[in-house]
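Open the model in your viewer and keep the selection panel at hand. The stops below each give a selection and then what is there.

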Amino acid sequence: MKSILIVDDEEKIRDVISSYLVKEGYNVVEAGTGIEALSFIESTAIDLVILDLMLPDIPGEEVCQKIRQQSSVPILMLTAKVSENNRIQGLSLGADDYLIKPFDVRELVARVRAILRRSDDSYLLADRVSFNDGELIIDVLRHEVYLNGAPIVLTPNEYKLLMVLARHPQRHFTREELVEKVYGFDYAGDVRSIDQHVKNLRQKIEPDPKKPEYIVTLYGVGYRFMGGTR
């Protein structure tokens with residue numbers, strides 16, 4: 001049974017969300033403050049966090065950052081802030097999705113299902129994996145990547161893309177599949193935007209970006225992670 005942490009200072013909102021999620025078969029725990037939320041993250045096995053940004057003690061953005069420093073648990077942000085910049089900021093802090101208040105709880109449940117579906121296989125990946133005899137190392141717990149022992153700075157989307165591909169070496173991914181897993185199921189932009197992320201990622205992890213060994217293109221299909229086999 002998946003455990004979901006609802007973080008919101010409004011008890012009525014927590015109750016409504018909780019009742020829907022419990023009916024869907026999820027185990028639910030609740031926190032009314034950021035401090036309570038961080039305590040749950042440290043002491044309880046949580047599979048997803050529903051995080052309101054307007055908390056009475058610590059801003060939700062700061063809570064998100066603190067969670068990301070110690071856990072890769074998926075985060076769905078809730079907020080009354082409606083600007084595109086707020087949404088971009090939330091996602092850049094490490095949130096997996098973003099829902100604006102007021103919202104339909106059925107949509108929230110659908111997004112919870114989608115996020116958990118995308119992240120289900122993340123636990124199949126070891127805490128630390130390496131390719132090409134340690135040339136490329138992914139430290140899953142710390143969200144860190146190394147090439148030949150040197151740390152590589154990746155954007156959140158580049159890291160998500162690498163993780164999606166690295167979890168399934170040799171599997172073919174279409175652009176549409178990668179867009180859903182990186183941006184979320186409701187992304188309405190151009191699916192070819194994923195090509196730029198692949199290009200940027202190759203510049204950072206490939207010994208020779210013009211002759212990629214890790215992320216190869218399948219013309220007419222999408223991309224595949226080869227594991228850097230030589």
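Two strands pair if DSSP finds at least two bridges between them. Keep that in mind for the hairpins on this tour. The model is a predicted one.

**Whole chain**

Start with the cartoon view. The protein chain has 8 helices and 12 strands. Colour by accessibility next: buried residues account for 50% of the 230 residues. Then turn to contacts between residues at least 6 apart in sequence. Of these, 54% join residues at least 24 apart.

**Stop 1**

Select residues 136–139, strand β7, and residues 144–147, strand β8. The two strands pair in the antiparallel sense, over 4 bridges. Pick Leu136 and look across to β8: Leu147 stands opposite. Now go to the turn. The hairpin of β7 and β8 has 4 residues between the strands, and His143 takes a positive phi near 60 degrees there.

β8 and β9 run antiparallel and are joined by 3 bridges. Click Val145. Which residue of β9 is the bridge partner of Val145? The partner is Ile152. The hairpin of β8 and β9 has 2 residues between the strands, and in this hairpin Asn148 takes a positive phi near 55 degrees.

While the strands are on screen, recall a general rule. In a regular strand, side chains alternate between the two faces of the sheet.

**Stop 2: helix α6**

Select residues 156–166, helix α6. Of its 11 residues, 9 are buried, so the helix is largely enclosed by the rest of the structure. Show side chains for the buried set: Glu158, Tyr159, Lys160, Leu161, Leu162, Met163, Val164, Leu165 and Ala166. Note that Glu158 and Lys160 are in this buried set.

**Stop 3: the aromatic cluster**

Select Phe131, Tyr214 and Phe225. Together they form one aromatic cluster. How many aromatic pairs does the structure hold? There are 2. Take Phe131 and Phe225 to begin with. Their pair is edge-to-face, with 5.0 Å centre to centre and 70 degrees between the planes. This pair links distant parts of the chain: Phe131 is in strand β6 (residues 128–131), Phe225 is in strand β12 (residues 222–225), and they are 94 residues apart. Phe131 is buried, because its relative accessible area of 13% falls under the 20% cut-off. Phe225 is buried too, with a relative accessible area of 0%.

Move to Tyr214 and Phe225. This pair is stacked, at 6.0 Å centre to centre with 25 degrees between the planes. Tyr214 lies in the loop between α8 (193–205) and β11 (215–218), 11 residues from Phe225 in strand β12. Is Tyr214 buried or exposed? Tyr214 is buried, as is Phe225.

**Stop 4: helix α2**

Select residues 34–43, helix α2. Show Gly34, Ala37, Leu38 and Ile41, the buried residues of this helix. They span an arc of only 95 degrees around the axis, which puts them on the same side of α2. Now turn the helix over. On the other side, Ile35 and Ser43 are exposed.

What covers the buried residues of α2? The cover includes strands β1 (3–7), β2 (27–31) and β3 (48–52), and helix α3 (60–70). Keep β3 on screen for the next stop.

**Stop 5: Asp52**

Select Asp52, found in strand β3. An unreviewed UniProt entry annotates Asp52 as "modified residue: 4-aspartylphosphate". Asp52 has 2% relative accessibility and so counts as buried. Show what touches Asp52, leaving out residues up to four places away in sequence: Val7, Asp8, Asp9, Gly60, Leu78, Thr79 and Lys101.

**Stop 6: helix α1**

Select residues 11–23, helix α1, and click Val22, which has its place in this helix. Val22 counts as partly exposed, at 47% relative accessibility. Draw a distance from the C-alpha atom of Val22 to that of Ser3. The two atoms are separated by 10.0 Å, and the residues are 19 apart along the chain.

Finish at Lys23 and Tyr20. The charged end of Lys23 sits over the ring of Tyr20, 5.8 Å from the ring centre.

How values were computed
Residues are numbered from 1 along each chain as its sequence is written. This is a predicted model: local features need pLDDT of at least 70, side-chain atom pairs count only at pLDDT 80 or more; totals for chains, interfaces and linings use all residues. Side-chain values use heavy atoms; hydrogens and water are left out. Buried means under 20% relative accessible area, exposed over 50%, partly exposed in between (1.4 Å probe, protein chains only). The arc is that of the directions from the helix axis to the C-beta atoms. Contact means heavy atoms within 4.5 Å. Rings of Phe, Tyr and Trp (its six-membered ring) pair if their centres lie within 6.5 Å; planes under 30 degrees apart count as stacked, over 60 as edge-to-face and the rest as tilted. A charge sits over a ring if NZ of Lys or CZ of Arg is within 6 Å of the ring centre and within 35 degrees of the ring normal. UniProt positions are given in the numbering used here, feature names are shortened, and annotations may be inferred rather than shown by experiment.
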